[in-house]
Amino acid sequence: MYSSGQSREIWFDLYEDWGFIETSFAIQYNIRLREETEMSWGEFITLLGGIMPKTPLGQIISIRSENDKDTLKHFTPEQHRVRNEWRSRNTSKIVQMDKKQVERQIKEFQEACKKAFGK
């Protein structure tokens, strides 16, 4: 879920945006993640990476990653709030974390997902 033209910036949070992810999977793939018992972690990541812009997750990512000044002029106050909150919160997180912390969190997250998806 990277924005095109961006340098590998991630525009969603698996925990914070789980509701958007579940809804987007249901809409796009007709998959109910809470009922899914056979999906591997690799398949989940592949499907997540293919979420389209017309889904709830796709829409929130579009708002968070928007940089076009003309498009931003037409944002609603709510869209600006969502974009600004995401950017200010995540900029400060990135600045505060060192490489070892990031690697540790990634490993912890991967282990949790392996347990959740069973593969």
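Me: Which residues is Glu22 in contact with, leaving aside its neighbours within four places in sequence?
Reply: This is a predicted model, in which local features need pLDDT of at least 70 and side-chain atom pairs count only at pLDDT 80 or more, while totals for chains, interfaces and linings use all residues. Residues are numbered from 1 along each chain as its sequence is written, and side-chain values use heavy atoms, with hydrogens and water left out. Contact means heavy atoms within 4.5 Å. Once its neighbours within four places in sequence are set aside, Glu22 is in contact with Ile31, Leu33 and Arg34.

Me: Does Glu22 count as buried or exposed?
Reply: Glu22 is found in helix H1. Buried means under 20% relative accessible area, exposed over 50%, and partly exposed in between (1.4 Å probe, protein chains only). Glu22 has 14% relative accessibility, so it counts as buried.

Me: What is the relative accessibility of Ser24?
Reply: Ser24 also has its place in helix H1. Beyond residues up to four places away in sequence, Ser24 touches Tyr29, Ile51, Thr55, Pro56 and Leu57. Ser24 counts as buried because its relative accessibility is 0%.

Me: Which residues in H3 do residues of H1 meet?
Reply: On the H1 side, the residues are Phe20, Ile21, Thr23, Ser24 and Ile27. On the H3 side, they are Pro56, Leu57 and Ile60.

Me: How many of the 10 residues of H3 are buried?
Reply: The buried residues of H3 are Leu57, Gly58, Ile60, Ile61, Ile63, Arg64 and Ser65. H3 is largely enclosed by the rest of the structure, because the buried count out of 10 residues is seven.

Me: Which residues in H2 do residues of H1 meet?
Reply: H1 brings Trp18, Ile21, Phe25 and Tyr29 to this meeting. Their partners in H2 are Phe44, Leu47 and Leu48.

Me: Why does the pair of Phe25 and Phe44 tie together separate parts of the sequence, and how many residues apart are those parts?
Reply: The structure holds four aromatic pairs (rings of Phe, Tyr and Trp, with its six-membered ring, whose centres lie within 6.5 Å; planes under 30 degrees apart are stacked, over 60 edge-to-face, the rest tilted). The rings of Phe25 and Phe44 have centres 5.4 Å apart and planes at 20 degrees, so this pair is stacked. Phe25 lies in H1 (residues 18–29) and Phe44 in H2 (residues 41–49), so the pair ties together parts whose separation in sequence, in residues, is 19.

Me: Which residues do ring pairs link into a cluster?
Reply: Phe25 and Phe44 are both buried. Ring pairs link these two into a cluster along with Trp18, Tyr29 and Trp41.

Me: What share of the contacts in the chain with a separation of 6 or more comes from residues 24 or more positions apart?
Reply: The chain has 119 residues, and buried residues make up 31% of them. Among the contacts with a separation of 6 or more, the share from residues 24 or more positions apart is 49%.

Notes. Helix = DSSP H or I, 4+ residues; strand = E, 2+ residues; numbered from the N terminus.
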